[in-house]
Structure formats: structure tokens, C-alpha cells
Amino acid sequence: MHAPAAQDSLFEHPAREAIAPGAWWLHGFARGEAARLLTDVQQVLAEAPLRHLVTPGGYRMSVAMSNCGPLGWVSDGRGYRYSPTDPDSGRPWPAMPTSFRELATRASQAAGFEGFMPDACLINRYEPGARLTLHQDRDEQDHGQPIVSVSLGLPAVFLFGGLKRSERPRRLSLVHGDVVVWGGPSRLAYHGVLPVGDAAHPATGRCRINLTFRRAG
Ligand code: MD3
Ligand code: FE
């Protein structure tokens, strides 16, 4: 006899699910390290607080955002771009915690992408009702590099569409600890997040946190 290992449950619930060419859903991949990640999120946010960015069209985003690493994604009346400094403070973004970097590398390897070296980590905070409308991530220089996303706290319905906005998106329920790697032909797929429902999660309280790792520059 042996004590049941965490791995045993993975036979009923596959750890790695192919969503589309180049897109891999790593169920629960970050669950064991979620507490550490959330501690490090708070450290980053102490230096670079969450804020609601404004779109180029003048709308305040319902998702609150911050960044860490050499580059951070920002939006204002002039457009979307990556910036080495936090526009609110004028200082460089906080360093990317080692826990973040190592997770992004392991996840990209588990999905078959070697040598992914993220230089940007966007932190998204969804309170109940916050959402992200269908969009593409195309502000990065090399679309051959994958994107790694980590879901923490409240669950969310993720919309995964095609290369044209008109394609009807599929719905994926992302839960605490799930990691998704988006590369290859899926890298430029339209995607979004439905409004997050009102509930509380033991790890985060009344919010969902998403970490998105990118090679931007
Ligand atoms: C699929 N964030 O910040 S991460 C974003 O849950 C963003 O906060 C969402 O979309 C969130 O831009 C989704 C998942 C994600 C990121 C990039 C993708 C999915 C993707 C690029 C191509 C296809
Ligand atoms: Fe996106």
C-alpha cells in the first residue's frame, strides 16, 4: 500500500488538456503554489497599486490592473502599449518575483514551448461584475512566443474564439490554480472573460486574480 499521491486524481481528470492547436489547459497546475503566488502578488501591489486603466476610446476598464517585470501593459487615451515604467509613479515596474518566473517557465515547458522568457507580467483583478470584452493580444513584438495565464481565486467563464471576431467563442470554466498556455496558431485567437459572479474564495476573498505572462519586447 502507499499513501494516495496528488498525481492519482490526474488519471480521472487529465492534467493537460489540448483546447486547440497550440493551446493547453493545465488543470490545477499552480494549485500547490497558489498561496506563495498570492503573497508575492501583494508585494508587487504594495509597490505598484492596482488601477483602472482607460481605453483609447475613453472607457474605464472594469478590471483593475498592475504589472511586474521589465515591461508593463498600459492603456490611456493615446493607445495600448508596453512601458518600462509605471505611469502613476514614474518608476520602473516592480521586479518579477522568482515564484512567478519559475511557474511561467515550467508551464510553458509542460505545454511544449522551450525557452519562454517572459519580460512582462500583467496582474488583472476582477471584482464581482468585472469582465473583459472579446479582444486579441497583439501589442507584443513576437507573436511566435506563447502567453501563459494563471487563474487564482474566484472562478470565471473564459471565452475562447477564433482568429476572426465573428467566430462564436467556446466557454471554458477556469478555476483557482488553472494555468493555460496559448501559443502557435492560438496565439492570436480572440478571447475574453464574462462578468465574474459574486462569491468569496478562501484564497482571495471576493475577487479573481489573473496573472498573464508575455514576451512583449
Ligand atoms: C487566448 N486576460 O489580460 S488570460 C488579457 O483572464 C487577458 O485576465 C484574461 O485576456 C484574464 O489580455 C485572459 C488568458 C489569455 C491571454 C492571452 C491569450 C488567453 C489568450 C491570447 C490568445 C488566446
Ligand atoms: Fe487578452
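Me: What does glutamate 127 pair with, and how far apart are the closest N and O atoms?
Reply: In this predicted model, glutamate 127 forms a salt bridge with arginine 125, and the closest N and O atoms are 3.8 Å apart. A salt bridge here is a side-chain nitrogen of Lys or Arg within 4 Å of a carboxyl oxygen of Asp or Glu.

Me: Buried or exposed, for arginine 125? And glutamate 127?
Reply: Arginine 125 is buried at a relative accessible area of 19%, whereas glutamate 127 counts as partly exposed at 40%. Buried means under 20% relative accessible area, exposed over 50%, and partly exposed in between, with a 1.4 Å probe and protein chains only.

Me: How many salt bridges are there in the whole structure?
Reply: A search of the whole structure gives 11.

Me: OK, and what does arginine 214 do with aspartate 137?
Reply: Those two form a salt bridge whose closest N and O atoms are 2.6 Å apart. Arginine 214 sits in strand S13 (residues 208-214) and aspartate 137 in the loop between strand S7 (132-135) and strand S8 (147-153), so the pair ties together parts that are 77 residues apart in sequence. Strands (E, at least two residues) and helices (H or I, at least four) are DSSP runs, numbered from the N terminus.

Me: Which other residue pairs with arginine 214?
Reply: Glutamate 140 also forms a salt bridge with arginine 214, with the closest N and O atoms 3.4 Å apart. This pair likewise links distant parts of the chain, 74 residues apart, since glutamate 140 is in the loop between S7 and S8 and arginine 214 in strand S13. Through shared partners, salt bridges join Asp137, Glu140, Arg187 and Arg214 into one network.

Me: Where do these side chains stand on accessibility, glutamate 140 for one?
Reply: Glutamate 140 is buried at 5% relative accessible area, while arginine 214 is buried at 8% and aspartate 137 is buried at 8%.

Me: Switching to the metal, which residues are the protein donors of the iron ion?
Reply: The iron ion (ligand 2) has His135 (NE2), Asp137 (OD) and His191 (NE2) as its protein donors, lying 2.0 to 2.2 Å from it. Donors are N, O and S atoms within 2.8 Å of the metal (3.2 Å for Na, K and Ca), and water is not among the atoms, so sites may look incomplete.

Me: What is the spacing of the donor residues in sequence?
Reply: The pattern is H-x1-D-x53-H. Aspartate 137, in the loop between S7 and S8, and histidine 191, in strand S12 (residues 191-193), are 54 residues apart, and both are buried.

Me: What conventions apply to numbering and pLDDT?
Reply: Residues are numbered from 1 along each chain as its sequence is written, with chains lettered from A and ligands numbered from 1 in the order in which they are written. Local features need pLDDT of at least 70 and side-chain atom pairs count only at pLDDT 80 or more, while totals for chains, interfaces and linings use all residues, and side-chain values use heavy atoms, leaving out hydrogens and water.
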